[in-house]
Amino acid sequence: MSYNTFGHMFRVTTWGESHGPAIGCVIDGCPPRIPLSEADIQPFLDRRRPGQSAFTTQRQEPDQVRILSGVFEGQTTGTPISLIIENTDQRSRDYGNIAQTYRPGHADLVYDLKYGIRDYRGGGRSSARETACRVAAGAVARKVLGEGVCVRGALVQLGAKDIDRTRWDWAEVERNPFFSPDAAVVDDWAEYLAAIRKDGSSIGAVIEVVAQGVPAGLGAPIYGKLDADIAAAFMSINAVKGVEIGDGFASASLTGPENADALFMRNGALEFGSNHAGGVLGGISSGQPVVARFAVKPTSSMLTPVPSITKDGVETQVITKGRHDPCVGIRAVPVGEAMMACVLADHLLRHRAQVGA
Ligand SMILES: Cc1cc2nc3c(=O)[nH]c(=O)nc-3n(C[C@H](O)[C@H](O)[C@H](O)COP(=O)(O)O)c2cc1C
């Protein structure tokens, strides 16, 4: 498996499997003299951590991060930053049945087809346990971006149920187990998801990530466009099946005048009339908030039986016992934020390298 690194100047390599002794990442290219400690990273891991509500997997992982290198006397040194998170709650017996059978919708089949060998315990490398490393790297990326850039995510759709955007409240995102910005949907979502779980089923979700304070100029046309890199970063998250920037697919049904983000001068400063573009024009950030969304499919491992085949080509039915999120989109919110932060940090450093400060 040869592509475990993303980014160009802020380069993140992740390693480890779901049921191995530990997972971790190496961040190469982080600038020196940035104050950094485990306390800067841990809160973000805590937001993604499993076992925190009735709506996420009951696997109990403390997800304690340890910095192994790249930090001296509380500051980055410019050398590779190595982070490790131990796996403590592996229950590989739950996964014995997927050693020989393929979970429809999961990566079991294609890992076998490609590599001829697969660590099936908890999905091995294809498990979203790996996304904890991205969240840790994202915390470091936020330090590179500085306090002027604010990256936040929210769940805007759970299964078929939308939020009302007029009730959007960022403070609410931290108050409910769904990361919903709309307090009014929370009770209904809780009932809906409890019923889905009780049925042994699962559902998908849509996550929106907004980066405010992004300076104009990030993005490297033509093959390093900011929106292209955000899309690639989101698509690389487990279970993501669609990405939109700004109005995304909805922009196809707008007229030109409706879609145009008009430009004005207000007190000597540039102002936009709207942000249909999602803060990116020609692959370069415009100084408007960068807005992107991704769609997460329903969790494939579930208690409802689905026809499948064994490794030997015998037809069977698959039921996945073990501990699973009925909607993995919920815990994907901090992962999406982290990927946005990593892409922006990478582009900030790339911009400085080509254009200067
Ligand atoms: C935070 C998070 C947790 C996940 N947990 C599970 C899980 O418990 N069971 C499962 O079948 N898939 C889970 N997934 C999705 C799988 O990892 C993913 O579907 C699988 O690797 C196949 O990749 P693909 O869906 O991107 O094609 C999770 C995804 C995320 C983002």
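Predicted model: local features only at pLDDT ≥ 70, side-chain atom pairs only at ≥ 80, totals over all residues.

User: What is the order of the strands in the open sheet of five strands?

Analyst: In general, the strands of a sheet pair through backbone hydrogen bonds, in either a parallel or an antiparallel way. Strands (E, at least two residues) and helices (H or I, at least four residues) are DSSP runs numbered from the N terminus, and two strands count as paired if DSSP finds at least two bridges between them. Here the order is E1-E2-E3-E7-E4, and the pairing is antiparallel. Strand E1 (5-6) and strand E4 (65-69) stand at the edges with a single partner strand each, so one side of each has no neighbour in the sheet.

User: How many bridges join E2 to E3, and which residue stands opposite Val12?

Analyst: Strand E2 (residues 11-16) and strand E3 (residues 22-28) are joined by six bridges, and Val12 has Ile27 of E3 opposite it. E3 also pairs with E7 over six bridges in the antiparallel sense, with Ile23 opposite Ile85 in E7.

User: Why is E7 described as largely enclosed?

Analyst: A residue is called buried under 20% relative accessible area, exposed over 50% and partly exposed in between, using a 1.4 Å probe and the protein chains only. Five of the six residues of E7 are buried, so the strand is largely enclosed by the rest of the structure. The loop between strand E7 (81-86) and helix H2 (108-115) contains Asn87, which counts as buried because its relative accessibility is 6%.

User: Which backbone atom does the side chain of Asn87 reach?

Analyst: A polar contact is a pair of N or O atoms within 3.5 Å; within protein, one must be able to donate a hydrogen and the other to accept it, and residues adjacent in sequence count only if both atoms are side-chain atoms. The side chain of Asn87 comes to 2.8 Å from the backbone oxygen of Gly20.

User: Where is Leu109 found, and is it buried or partly exposed?

Analyst: Leu109 belongs to helix H2, and its relative accessibility of 35% is why it counts as partly exposed.

User: Which residues come nearest to the ligand?

Analyst: A residue is near a molecule if one of its heavy atoms lies within 4 Å of it. Of the 14 residues around the ligand, His106, Ser126, Ala239, Lys297 and Ser301 come nearest. A polar side-chain atom of Ser301 lies 2.5 Å from a ligand oxygen atom, and for Ser300 such a distance is 3.2 Å. Ala239 instead places a backbone N or O atom 2.9 Å from an oxygen atom of the ligand.

Technical notes. Residues numbered from 1 in each chain as written. Heavy atoms only, no water.
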